[in-house]
Amino acid sequence: MKRPNIFLTTLVIAAFILAACGPQETQAPATEAPTEAPATEMPATEMPATEAPATEAPATAEATITPTLGPPPGDVSFFSTQFIPVEEAAKFRAILADGGNYDFSGSEEGPLISLVLAGAETGQGQVDVVGALHGTYPSITDAMINMTDVVDDLSADREFNQAYLETGLLGTEDYLYYVPWIQATYIMAAHKDALEFLPAGADVNALTWEQFGEWCQTLLDETGGPKCGVPHAGLFHRFLEGFLWPSYTGGMVTKFKSQEAADMLEWARDSLWPTIHPQSISYDFMQEPLQSGEVWVAFDHVARLIEAFNSDPENFVAFPAPAGPAGRGYMPVIAGLGIPNDAPNPEAAVALIDYLTQPETQARILSELAFFPVVSGVDTSNLPAGVALEAAAVEATVNADDALPALLPVGLGPRGGEINDIFKAAFNRVVIDGEDVTTVLEEEAATLQALMDETGAPCWAPDPPSEGPCQVE
């Protein structure tokens, strides 16, 4: 693989992922709590609307796979945890249609892992191309072909971001499990009217969480109602895993029940949550309450904020999430494209990956779906104003002096959704239900440790690498 130039300095995350992404033992399919499809985390959409991953985005009717006797109609059967929400899927299908006859199916992570592993076991594969977050691949390593030669061929007329290529190695020297596809993260958004209520001396691009809480309190006091919101019904678990916990503790799993975590939850209960709009409990995407004016300040995946920025770029600002005592925690989301060993149509699968990683296609995905490119040479001169705002906020996030990358959970396989439930349960029980913080953290930490032990998942950044299952300290 050739060493390419880094694209726009956005989300350079190889060092963080390489520290935590050694190949994991393939896990048996499970039915418990499948991982959401990210954002669109990101995810996966981790973004906006998929992680089902936002795409990490919540599951829709389209997000469950029903195995058939053979591959779906179409030259290539493409199963993806990204772009699951209906509007995103429609836009993405339109992009695919210009490249060939590609059958696109949205799926949550758990069912997709099960489908790929079932094909590997029976020799009757139904999947030509897998589109999934980085953290999905350690569970299907034995079922995937080496994409090194594919990337070498594609690199003849495009330059992949070297950092993202290295993440696809999963800690190996020369076995590339996926070709980089798209990347994203989470940011903050605010209506410009909210800026006059910032705490004295505060820089919106370098806020602390305490300043954010003060800002929300002032907005509540001065406007007569809560004006800050979070997507509690959406990708809120990423807010906890990638932002609050790392910013206050410097870790995710290892520091889950630390004193710093307890202090953070007590602050959220006593100072932050009372200032949060009560409808946050039902918010999935934050762009709608921002556009309606119900909320003036919000956190979400870039893909789930883009409509607000695009609809009124003159009156919204985008900026990094706040920092805590341990740093400015943030969650980079990288998704890749892989081909199973038993793909029914591997040559056409390569053609699809070729199409999706061409600079022109990457530019369309950026412009229409707000997922960022993984190759150089992408024309950004005519980006929608809202996408340009987000790009600046992403760059400010990853280049911050106190930036603390926190990866999507790795190595949990079909049980990835369980860690999300644990973080949300800890927050909800303490902050919303008022339970004792020490009791809650001890109980949820025991559940978290059991998950690590049963899956064998080692630590990932920002936690230091571990030899065996990650340990809650």
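**View 1. Helix α7 crossing helix α14.** The axes of helix α7 (residues 236-249) and helix α14 (residues 416-432) come within 9 Å of each other and cross at roughly 75°. That puts α7 roughly perpendicular to α14, a label for angles of 65 to 115 degrees, with under 35 counted as roughly parallel, over 145 as roughly antiparallel and the rest as oblique. The axes are lines fitted to C-alpha atoms, for helices over the stretch in contact, and angles run from 0 to 180 degrees between N-to-C directions. Helices (H or I, at least four residues) and strands (E, at least two) are DSSP runs, numbered from the N terminus. Keep in mind that this is a predicted model, where local features need pLDDT of at least 70, side-chain atom pairs count only at pLDDT 80 or more, and totals for chains, interfaces and linings use all residues. Residues are numbered from 1 along each chain as its sequence is written, and side-chain values use heavy atoms, with hydrogens and water left out.

**View 2. Who meets whom between α7 and α14.** On the α7 side you'll find Phe236, His237, Arg238, Leu240, Glu241, Leu244 and Trp245, which meet Ile419, Asn420, Phe423, Lys424, Ala426 and Phe427 of α14. Contact here means heavy atoms within 4.5 Å. Sorted by type, the residues of this α7 with α14 contact come out as 8 nonpolar, 2 polar and 3 charged. For that tally, Ala, Val, Leu, Ile, Met, Phe, Trp, Tyr, Cys and Pro are nonpolar, Asp, Glu, Lys and Arg are charged, and the others, Gly among them, are polar.

View 3. The whole structure holds 27 aromatic pairs; rings of Phe, Tyr and Trp (its six-membered ring) pair if their centres lie within 6.5 Å, and planes under 30 degrees apart are stacked, over 60 edge-to-face and the rest tilted. Phe243 and Phe299 make an edge-to-face pair, 4.8 Å centre to centre with 75° between the planes. This one links distant parts of the chain: Phe243 sits in helix α7 and Phe299 in strand β7 (residues 297-301), 56 residues apart. Phe243 is buried at 0% relative accessibility, and Phe299 is buried too, at 1%; buried means under 20% relative accessible area, exposed over 50%, and partly exposed in between (1.4 Å probe, protein chains only). The rings of Trp245 and Phe256 are 5.3 Å apart at their centres with planes at 5°, so that pair is stacked. Trp245 belongs to helix α7, and Phe256 to the loop between α7 and α8 (259-272), 11 residues along. One aromatic cluster takes in Tyr186, Trp209, Phe212, Phe236, Phe239, Phe243, Trp273, Phe299 and Phe427.

View 4. Ser247 is in helix α7 and is buried, at 0% relative accessibility. Setting aside neighbours within four places in sequence, Ser247 is in contact with residues including Trp209, Pro322, Ala323, Gly324 and Arg328.

**View 5. Val297 in the nonpolar core.** Of the 151 residues in the largest nonpolar core, Trp215 and Val297 touch the most other members. Such a core is a set of buried Ala, Val, Leu, Ile, Met, Phe, Trp, Tyr and Cys residues joined through side-chain atoms within 4.5 Å. Beyond four places in sequence, the contacts of Val297 include Met188, Phe212, Trp215, Leu219 and Phe319.

View 6. Most residues other than glycine have a negative phi, and most peptide bonds are trans. Phe83, in the loop between β1 (76-80) and α2 (86-97), has a positive phi of about 60° although it is not a glycine. The peptide bond from Ala461 to Pro462 is cis, with omega near 15°.
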